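Q: I would like to learn how to read local features in a structure. Can we work through one together?

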Amino acid sequence: MFFGDNKLVQEQFYKEISDAIVNLDKERAIELAKRAIIENMNLLEVIEKGYGDGIRRIGDLWEEGDFFLPELMLGGTIMQESMDILLPELKRSGENINLGTVVIATIEGDIHSIGKTIVGTMLSANGFEVYDLGADVPAEKIVNTAIEKNADVIGVSALLTTTMFGQKKIVDILEEKGIRSKFKVIIGGAPVTKSWTEECQADGFASSAVEAVKLVKKLLNK
Amino acid sequence: MKVGILRPKIQVLDEEHKNKIYIEAKEILENLGIFLENENAKELFHNEGISHEGLRYFIPSDLVEKCLKTVPSEIKLYDREGKEHITLGEDNVHFDPGSAAILYFDETSGEIRNAIKEDFIRFSKVVEHLQYIEAQSTALIYQDVPKEAQDWHRLFIALTNCYKPVVTGTFRKESFTIMKDLLLSCRRSEDDLARKPLAIFDACPSPPLKWSDLTTQSLIDAAVSMIPSEFVSMPLAGASAPMSLIGSITQHCAECLAGVVIGQLTKTGAPLIWGGSPAILDMKQGTTPMGAIETMMINLGDVEMGKFLKMPTHAYMSLSDSKVPDTQAGFEAGMGALLAGLAGVNMVSGPGMLDFESTQSIEKLVIDNELIGMVKRLLQGIEDYGSPFAANILKDYEDKEELLSHPSTLKLFRKELFLAGPVIDRQSRDMWKASGAKSTRKRAKEEAFKLLSKGSLRPIDDRVAKELEDVALKHL
């Protein structure tokens, strides 16, 4: 196939990529990423109209109840692996598509990591640079990593009513250091409510990974 | 159905008692006899030399035994288009909505009212979409057709709007021919209909020990055409049957054995289903609770007897006596469906039904579909995929510290899990609030409307629709 400027052929190629993501066909998604590079295509468009479209469709399918968490995760992982091939090429040509940097963790004392991991995977799949610090992470360490990585967003998960107070601690430390305005703080986890978000003075909360992506995009005006 | 290590089961009778019940039921038929009004049946009995005193006919045990030998142990049902759909036999479990409700629970107004034709059209369309309700039934009796069309017209509406096989029945002897004509509209010939049954006719003996003129005629007409009949024997423990559960089970056995004899004398090999709708009498209200645990226990005993005699089985379970689809409706229907599943009842009539079999509700039907999905999952049991069962997967946990993205999770979750529909609330509290803090009923109602807006999954062929309509117009 020769692409040139043929819009129709390009659109067809983007659709193939998007379908490969939705079909959770890892081999095909990676093969298409390599071809995009060989064919010297506009990689920003390939990511946005192909891979990005696929991952958005997966999100929609999950919201509709046709897809479930393992599929959401696998879609995100395939997306990440495709990005690992495309991003170095983009950087070489001086482009940067990082929508923002997110440091994410489950708070100290809490070992529930799965919700946080799904959110991390989906953010990463949607073009954010994600540093997932894992579970049972002290608030100080989360804040220090955010400073070090020059993060835009700090995401803190808590699954227990006894550990959710650690989420507030993040905001308190940021206030103490006088750097609260440099970061958007988002919180998540089963016990988290809107009123808790207000009480913490966090910037937002989401109750699903798909919502979390929407929330971060909104907070960063993306 | 593929079953895992063990098929989960329940039993309420042991072999010794099943034998005792069977022997006593035969003795009842031989010594007490059954009341028979129907002239055709009397002739069949006279031809066999069966003795009688007035309307009481005494059926010898050896005739019962002979007739049992020729009853098929399995019945395959086919859909409207003639495709094989479900098999009634062994421990297969299938559900159909409870039949012939006289009232409709209006999900929009919340009112319990007389049903109209439009209600049944909508009902049939919803049934078509419900995955776990594999057969339909002529579930509602509506008032806006002439009285003499009230039985057969439902079959016309059912077949027009839903492809699934139908559990139905007659209210007048004359209706059988019309109903058979409707069924023939969906088949090439009488023989084709006999080979590919599309409907089951309910035959309801009157307790105790009476086969009425109408129900006997239905049984005979169906047997002649090799159309399956389903006995709906309904002993009322403490009123028209003994108070003891085992006494009611024995009476049910006798009434059904009489049905076997009538059916097999009409035509050897006629397809028959061992079924019923027994109940206890509520000793305070004088009502017939279908949601009572003892009613369900009689059903379990009845079904065990059917299996003991190697016949396909039926029971009226998964219904409730509550007047609205509330908590009582949920737990009674849930217990009934679960027990019916564990007992391996081949055809369970009940979903959607409220108020002692008198009211049908689309809301409840949609909720029941979900609980039946769960029951069916239970019946598949626990699967052995080969050992080690966990060790290798746990080794992989170290990699990512989660197993959600593990290949085995993706491979198995759709197989291992019953994926609950939107009627079952498993949202986080925030999402539940954000989506309107809806009750089960509200969610069920919305789901019903959503299904109705989807249109037919398998629309009827124009030619068949026209033929059905021609039959209907001819008799209206």
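This is a predicted model: local features need pLDDT of at least 70, side-chain atom pairs count only at pLDDT 80 or more; totals for chains, interfaces and linings use all residues.

Q: Is B:Asp62 buried or exposed?

A: Relative accessible area settles that, and exposed means over 50%. B:Asp62 is at 54%, so this residue counts as exposed.

Q: Which residues form the negative surface patch?

A: Like charges are joined into a patch within 9 Å. Here the members are B:Glu24, B:Glu27, B:Glu30 and B:Asp62.

Q: Which helix gives the largest share of the negative patch?

A: Helix α1 of chain B, residues 15-32, supplies 3 residues, the largest share.

Q: Now a buried charge. What is the nearest side chain of opposite charge to B:Glu128?

A: For a salt bridge, the cut-off is 4 Å. The nearest opposite charge to B:Glu128 is B:Arg80, 5.4 Å away. B:Glu128 is buried, yet has no salt bridge. Its place is helix α4 of chain B, residues 117-129.

Q: Which side chain makes a polar contact with the side chain of B:Glu128?

A: Look for N or O pairs within 3.5 Å. The side chain of B:Ser456 makes such a contact with the side chain of B:Glu128, at 2.8 Å.

Q: On to the backbone. What is phi of B:Ala100, and where is the residue found?

A: Phi of B:Ala100 is near 60 degrees, a positive value in a residue other than glycine. B:Ala100 lies in the chain B loop between β6 (94-96) and β7 (103-105). This residue is partly exposed, with a relative accessible area of 26%.

Q: And B:Ser318: buried or exposed?

A: Buried means under 20%. B:Ser318 has a relative accessible area of 1%, so this residue is buried. Phi of B:Ser318 is also positive, near 75 degrees. Its loop runs between β17 (314-316) and α11 (327-343) of chain B.

Q: Last, omega. Which residues does the cis peptide bond with omega of about -10 degrees join?

A: That bond joins B:Pro207 and B:Pro208. B:Pro208 is in the loop between β11 (199-203) and β12 (210-211) of chain B. The bond from B:Ser387 to B:Pro388 is cis too, with omega near 0 degrees. B:Pro388 falls in the loop between α12 (362-380) and α13 (391-400) of chain B.

Definitions and conventions:
Residues are numbered from 1 along each chain as its sequence is written. Chains are lettered from A and ligands numbered from 1 in the order in which they are written. Side-chain values use heavy atoms; hydrogens and water are left out. Patches are made of residues with over 30% relative accessible area and no salt bridge: like charges are joined within 9 Å, nonpolar side chains (Val, Leu, Ile, Met, Phe, Trp, Tyr) within 5 Å. Accessible areas come from the Shrake-Rupley method with a 1.4 Å probe; for residues, only the protein chains shown count as cover. Lys and Arg count as positive and Asp and Glu as negative; His and the chain ends are not counted. The place of a charge is taken as NZ of Lys, CZ of Arg, CG of Asp or CD of Glu. Helices (H or I, at least four residues) and strands (E, at least two) are DSSP runs, numbered from the N terminus. Buried means under 20% relative accessible area, exposed over 50%, partly exposed in between (1.4 Å probe, protein chains only). A polar contact is a pair of N or O atoms within 3.5 Å; within protein, one must be able to donate a hydrogen and the other to accept it, and residues adjacent in sequence count only if both atoms are side-chain atoms.
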